[in-house]
Amino acid sequence: MLEAPVVDGAAAVPGQLDLRYVPQNGAAQRRHVRLLRRSAHASEAFTVAQAIMASWWDEPWPEEILWPDRLRLMAPGNDLAWRAAARDAVTYPEAVTLAAALADPSLQQRLLDDAGRHQPHALADVPSLVDELARRLERPWIAGRLSALTTGPLNAWVRACVRTRAGHKPKTRSMWHVSPPHRPAPITRLLAETRPVDEAPGKTESAGAPAPDVAETAQGFARGLRHARTYATEQGHLCIPYRYEKDGFQLGLWLANQRAAGPQLSPERSQALAALDPWWNPAWSTLWQRIYLRARRLLDSGTDISPKQGFPGTSENLGTWLYQQCQVYSSLHPQQRRLLAQIGISAEAARHALPRRRNLAEARDQGLTNARAYWKEHGHLCASSADTYAGFPIGQWLTNLRVRARRGILDPALTQQLDAMDPWWAPPWPSDWQRACYTVTELVRSGHPLDPESAFAAFNDELGQWLYTQCVSYPGLAVEQRRQLAAVGLTEQTVQTARPNPATHRPSLETGLYYARSYAALHGDLNASPSDRHEGFPVGGWLARQRRQAGLHTAKFAAPYPAGPLLAAVDPWWNPPWNGDWQINHRAARKLVENGIKLLPDQGFPGTPDWTGQWLYTQCVTYQNLHPGQQHRLTQLGITATNAPTARPRRVTQQSSFDTGLGHARSYAAQHGHLAVPRSANHHGYRLGTWLAHQRKRAANGRLPHHRAEALDVLDSSWNPSWGLPWQITYHAVRNEIHGHALNAAAGFPGLPPAATRWLLTQCTNYDDLHPGQQELLTGLGITPQDAHAARPQQETRTRRRTGAIRSRPTTVSSSIDGGLPYARSYAHTHGGLGTAHYTTEHDGFPLGWWLYEQRKRAVAHLRRTGLPWPHDTQLTALDPWWNPPWRVSWNHSYHQAHTHHTAGRPFPGTTTKWIRTQQQAWNQLHPRQQHLLSTLGIHGPTPLISYNSRPTKLTGPPIELTNGPTATPRQETHSSQTPPSPSPQATSSPSPTQSTPPAPTSQLIRPAQHPGH
């Protein structure tokens, strides 16, 4: 069957599998070849069939007699090693038959017809498939075995076929995907498990220990299973709500995750959960299952559930639910109908079911009992509609009664009983108002002072807002409402002194209007900056939100914004139709007027800043074209239709303008110690950043007088640095952050903020390329040339949440091009390129792999955003032309591993061998550069494989492309000259080895063993 003595790429026991007495395998191979030619999904179906056969191979089915006989004919012995080695060969005929059945479209359609619109819970739900498989496999007894299966690769394939509608439903995972728990165990592992420990060279008992992540997953499942077992012992089921938690363990979430895995869950884990509850993962909702269990427990307690009598003895909710199931009985899942039949609801009983009759007297008595208990505890009956008491929906019950009372259809006797408990249980005003009034009354009785003048400081934010709203709307309240407020101290006189709390987190409309009116009384309008505060209240932010909400309301509804008329009464132009720039300039002019400066249009607006005076002149020139609201605001500043035509342009000499800017610069430098000011910076209302940028521009053009430049040099010698203003701004920001810290460059500047650390390390890395002035400034921080050359990044390790896997993602190392380019040059010089750098690769303490990952992200983002190459691409291309290849970078890592073994003359490891075979299968989809690189290793395109096993780990024979040697034998040349098969259309440039499909069987697949004497 396989090239002996190799099984799955590893040496098995001596000898070969003898197929001379097993003609079924030869016939199966011919059927396999025909199937591959005729069906597009034959290869994928065979992979699924192999997984199914491997799961059946371990089943102790006494009816199975063909496989043991076939194993005795193939293997010279019947020990465990031969049983493991011959698994695929023994089951090969049935695997081909099963693959043909799975790939049959007619069988898939019959499967869909059986399932309908439900997901099968067990294979018994699709009897056509089970019967057809039993017929094709010539095993009638297997139908009963398969019908009981609820897990395994066949069950997973059936559910995937129904979910994807036999592959015709878009945006779903392929129905041919085999999850890792269902993939057959590699024969090499089976052989290792059967081989004694002392016979395995270099192996110990701990060699087969699971990986840390696998062990951690197994421990987590064991812990969840313990909690599930405890719950199932107590409750008898595992249909737990999603948010259920016990002893700090989220059992509901854990079971939801197991259900999400569904048929992809390993058979061992699924069987462990099924042993606790066969319906732990139903094909319907767990809520349905929980309600069903309630009905089942009721039936077990002796209560009769009779659909024909309207389900007497059940609660109202349960009886209504059971009647609903009878109404939709025909559309239920077959297993749901089977469960309902166990409690006496058959198809015949469902057709004659009557709705449950509600006992009104019993329901009223139950409601009154809970209402009386609620009243005794809270002192009122104004419960919200969502409130419950002892599991009873008291809030909804009272809400329904209020509706009936307002319509005049409530029983007078019931009304009298409720009025005796709470006279205002159904007030003519909203019950929320009454509930808040009761809460305030209780707090006042407990000693909380009302104090309207101090913004009701003794109450929380919500109640304080409510109390102020009552004060504002006091005249419009009903007489009884005012009487209740007077009982707590809010009279017609005290409400006049009330004021809202400015520190509220969610200001009500009344609170915002109070401060808006106060702001308008002071400034004359509501043209407030978003950052403006008035009497401690963020009036600017509140007005900005109102304007935004007004815009959204207008876009959705035809009616005006509710708060709009109230704000318009304060300022008709509170939400102006003109742009925000006009508003900003108007605020600047208004502040000048408030500071005592008189605006004189006919004199060119003396005493105003340049841009404000120019803006005012522009408004005068275009006065007739302005909006009436703009004209009204200008009138408040003293600019009217009479004096606007007399306006003269602002005439300010350059020296006067320079002196004004120099004065602000001198004040700023005295306060901060430098003039590294961004362009958007303002200083006491003066645009200092814009003025300094203008002076730098004039200096660059040679138009700034020498004495003016000297005046600025006196304030800050680096006010116009030749190395750029951004560096200077960052320098001063870092200088402020490291004030009082000792700098340790060799240790990576520990103890500093991450941003400062990244910047300092970048400067040390590029110290020799810095301007002498920059080096001098760094010396002022305490960084000498020796310190810069000795600087190294900090060693950081971050632990990812949930999985606990360690993956370095530095926070104190800069990802800028300057921060890592010197390290990239050094690494490329040492290793001949950048392709071998993994994400976790470090070079001289610098996280070079992470840095390259960041540069590749930026290059791709820049290309998508602009359509142009990344500006720094040439710097990295000079180090390695393929530093950012058009294929996945992980391909380079696999290639370099193969190149290393090839250069050293060592045999390829198993993972490299699988990777090479994958590249051969996808040769036509590879980039020309990838093909060239593979050719340097002697790999020249796809060749026939000698084994159909999908997990080879070692090659000891042909083809030549997989042999790591300098010469080829004639037999290898013969294999290499064969015509390569066409690659699969699903192949990619770098597919995962675990997802590769088995190749087409060739004439080398079955080779009878040669015994002496034959």
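Visitor: Is R590 buried or exposed?
Guide: This is a predicted model, and the state of R590 is read from its relative accessible area, which is 6%. Buried means under 20% relative accessible area. R590 is therefore classed as buried.

Visitor: With which residue does R590 form a salt bridge whose closest N and O atoms are 2.4 Å apart?
Guide: The pair links distant parts of the chain, R590 being in helix 28 (residues 580-594) and its partner in the loop between helix 25 and helix 26 (539-556). The two residues are 65 residues apart, and both are buried. The partner of R590 at 2.4 Å is D525.

Visitor: Which residue of helix 28, 4 residues from R590, meets R590 in a salt bridge?
Guide: An α-helix has 3.6 residues a turn, so residues three or four places apart point the same way. The two residues here are separated by about one turn of helix 28, and their side chains come to 3.8 Å, N to O. The residue that meets R590 in this salt bridge is E594.

Visitor: Is E594 buried, partly exposed or exposed?
Guide: The relative accessibility of E594 is 41%.

Visitor: How many salt bridges are counted in the model?
Guide: The count rests on a side-chain nitrogen of Lys or Arg lying within 4 Å of a carboxyl oxygen of Asp or Glu. The pair of R590 and D525, at 2.4 Å, is one that forms such a bridge. By this rule the number of salt bridges is 20.

Visitor: How far apart are the closest N and O atoms in the salt bridge of R110 with E132?
Guide: R110 and E132 form a salt bridge. This pair links distant parts of the chain, with R110 in helix 7 (residues 105-115) and E132 in helix 8 (residues 127-136), 22 residues apart. R110 is partly exposed at 34% relative accessible area, whereas E132 is buried at 8%. The closest N and O atoms of R110 and E132 are separated by 3.8 Å.

Visitor: Which residues are linked with R110 and E132 in a network of salt bridges?
Guide: R110 and E132 are joined by a salt bridge. Both belong to a network of salt bridges.

Visitor: Which residues form a positive surface patch?
Guide: One member is R38, found in helix 1 (residues 23-38). R38 has a relative accessible area of 71% and is therefore exposed. Together, the residues of the positive patch are R30, R31, R34, R37 and R38.

Visitor: Within what arc do the buried residues of helix 3 fall?
Guide: In helix 3 (residues 66-74), the residues W67, R70, L71 and M74 are buried. Seen down the helix axis, these buried residues line one face of helix 3, because they fall within an arc of 105 degrees.

Visitor: What is the phi of F311, which is not a glycine?
Guide: F311 lies in the loop between helix 15 (286-300) and helix 16 (316-327). F311 is buried, with a relative accessible area of 0%. The phi of F311 is positive, at about 55 degrees.

Visitor: What is the phi of A455, which is likewise not a glycine?
Guide: The loop between helix 22 (431-445) and helix 23 (461-472) holds A455. A455 has a relative accessible area of 7% and is buried. The phi of A455 is positive, at about 65 degrees.

Visitor: How far apart in space are L513 and W542?
Guide: L513 is found in helix 25 (residues 509-523) and is buried, with a relative accessible area of 5%. In sequence, L513 and W542 are 29 residues apart. Their distance in space, C-alpha to C-alpha, is 9.7 Å.

Visitor: How far apart in space are G780 and R735?
Guide: G780 is in helix 36 (residues 772-781) and counts as exposed, at 65% relative accessibility. G780 and R735 are 45 residues apart in sequence. From C-alpha to C-alpha, they are separated by 9.5 Å.

How values were computed
Residues are numbered from 1 along each chain as its sequence is written. This is a predicted model: local features need pLDDT of at least 70, side-chain atom pairs count only at pLDDT 80 or more; totals for chains, interfaces and linings use all residues. Side-chain values use heavy atoms; hydrogens and water are left out. Patches are made of residues with over 30% relative accessible area and no salt bridge: like charges are joined within 9 Å, nonpolar side chains (Val, Leu, Ile, Met, Phe, Trp, Tyr) within 5 Å. Accessible areas come from the Shrake-Rupley method with a 1.4 Å probe; for residues, only the protein chains shown count as cover. Lys and Arg count as positive and Asp and Glu as negative; His and the chain ends are not counted. The place of a charge is taken as NZ of Lys, CZ of Arg, CG of Asp or CD of Glu. Buried means under 20% relative accessible area, exposed over 50%, partly exposed in between (1.4 Å probe, protein chains only). The arc is that of the directions from the helix axis to the C-beta atoms.
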